[in-house]
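Visitor: I am new to this structure and would like to learn how to read it. Could you show me around, feature by feature?

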Amino acid sequence: RRYVRRLFATIADRYDFITSFLSYGQDRRWKRRLIDLASPGRGVRALDLATGTGDIAFALAARGADVVGLDCSPRMIALASAQLGNRLEETCRALERVLGARTTILANMSHEVRTPLNAIIGFSELILTRMAGDLDAQYIGYAADIRDSGRRLLELANDTLVLASLEAGTYRLSDRSFDLDDLIRQCVGE
């Protein structure tokens with residue numbers, strides 16, 4: 001056992017290269033075939049004995065398996081752990097990029113939506129004031145519905161901008177007094 005541990009400790013840093021070189025690259029095909037045959041699903045438990053640098057364990061985990069990898073060489077386990085740490089860091093960076101892009105898209109979308117909504121609200125209010133002439137009650141009702149719907153959509157766009165600002169860390173809170181009774185009446189729709 002000591003001989004095997006010493007041997008793998010000696011070649012651990014070059015293990016993947018040596019395996020690929022000695023098998024003429026066939027090891028990749030064998031590993032893919034093994035993963036396909038195992039065909040683990042989400043939540044399936046798997047034990048990878050002689051896990052080496054963890055490539056099979058990582059592939060099983062990528063398919064949803066809960067994997068435990070064991071190896072007689074502490075150096076091999078250390079390499080697998082380092083590789084896992086690198087993968088986690090890479091995943092975190094990718095997630096940060098996605099979240100940053102989402103925040104930017106939300107902010108841009110909200111700005112692009114606000115301008116036409118303000119125009120819709122403004123024109124519907126213009127109709128409601130009968131500035132362009134008198135209209136029958138039915139059309140006045142339509143204009144009121146358009147204005148109210150536009151205001152609701154504008155509130156939604158503004159709330160989305162606030163959320164995007166919160167995520168980006170650029171939102172500023174302001175300390176000001178307000179009428180609590182008025183706020184409650186607004187909330188319950190009176």
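This is a predicted model: local features need pLDDT of at least 70, side-chain atom pairs count only at pLDDT 80 or more; totals for chains, interfaces and linings use all residues.

Visitor: Let us begin with charges. How many salt bridges does the structure hold?

Guide: A salt bridge is a side-chain nitrogen of Lys or Arg within 4 Å of a carboxyl oxygen of Asp or Glu. The structure holds seven of them. One of these joins Asp 13 and Arg 75, whose closest N and O atoms are 2.6 Å apart. Asp 13 sits in the loop between helix 1 (2-11) and helix 2 (15-22), and Arg 75 belongs to helix 5 (residues 74-128), so this pair ties together parts that are 62 residues apart in sequence. Helices (H or I, at least four residues) and strands (E, at least two) are DSSP runs, numbered from the N terminus.

Visitor: Which residue forms a salt bridge with Asp 36?

Guide: That is Arg 63, with the closest N and O atoms 2.7 Å apart. Arg 63 lies in the loop between helix 4 (55-62) and strand 2 (66-70), while Asp 36 lies in helix 3 (residues 26-38), so the two tie together parts 27 residues apart in sequence. Both ends are partly exposed: Arg 63 has 39% relative accessibility, and Asp 36 has 42%.

Visitor: And where do Glu 125 and Arg 151 lie?

Guide: Their side chains meet in a salt bridge of 2.5 Å, N to O. Glu 125 is in helix 5 and Arg 151 in helix 6 (residues 137-168), so the pair ties together parts that are 26 residues apart in sequence. Glu 125 is partly exposed at 31%, and Arg 151 is partly exposed at 36%. Salt bridges can also link up: Asp 27, Lys 31 and Asp 55 form a network of them.

Visitor: What about a buried residue? Which side chain does Thr 53 join in a polar contact?

Guide: A polar contact is a pair of N or O atoms within 3.5 Å; within protein, one must be able to donate a hydrogen and the other to accept it, and residues adjacent in sequence count only if both atoms are side-chain atoms. Thr 53 is found in the loop between strand 1 (45-49) and helix 4, and it is buried at 5% relative accessibility. Its side chain makes a polar contact of 2.9 Å with that of Asp 16. Contact in general means heavy atoms within 4.5 Å. Leaving aside neighbours within four places in sequence, Thr 53 has contacts including Ala 12, Tyr 15, Phe 58 and Gln 83.

Visitor: Which residues form the nonpolar patch on the surface?

Guide: Patches are made of residues with over 30% relative accessible area and no salt bridge; like charges are joined within 9 Å, and nonpolar side chains (Val, Leu, Ile, Met, Phe, Trp, Tyr) within 5 Å. Here the patch consists of Ile 120, Ile 127, Leu 135, Tyr 139, Tyr 142 and Ile 146, together about 540 Å² of accessible area, by the Shrake-Rupley method with a 1.4 Å probe, where for residues only the protein chains shown count as cover. Helix 5 and helix 6 are the elements that give two or more residues, and helix 6 has the largest share, three residues. One member, Tyr 142, is in helix 6 and is partly exposed at 41%.

Visitor: Last, why does the pair of Phe 17 and Phe 21 count as stacked?

Guide: A pair of aromatic rings is described by the distance of the centres and the angle of the planes. Rings of Phe, Tyr and Trp (its six-membered ring) pair if their centres lie within 6.5 Å; planes under 30 degrees apart are stacked, over 60 edge-to-face, and the rest tilted. The structure holds three aromatic pairs. The ring centres of Phe 17 and Phe 21 are 5.9 Å apart and their planes lie at 20 degrees, so this pair is stacked. Both are in helix 2, four residues apart, about one turn of the helix. Phe 17 is exposed at 59%, and Phe 21 is exposed at 56%.

Technical notes: Residues are numbered from 1 along each chain as its sequence is written. Side-chain values use heavy atoms; hydrogens and water are left out. Buried means under 20% relative accessible area, exposed over 50%, partly exposed in between (1.4 Å probe, protein chains only).
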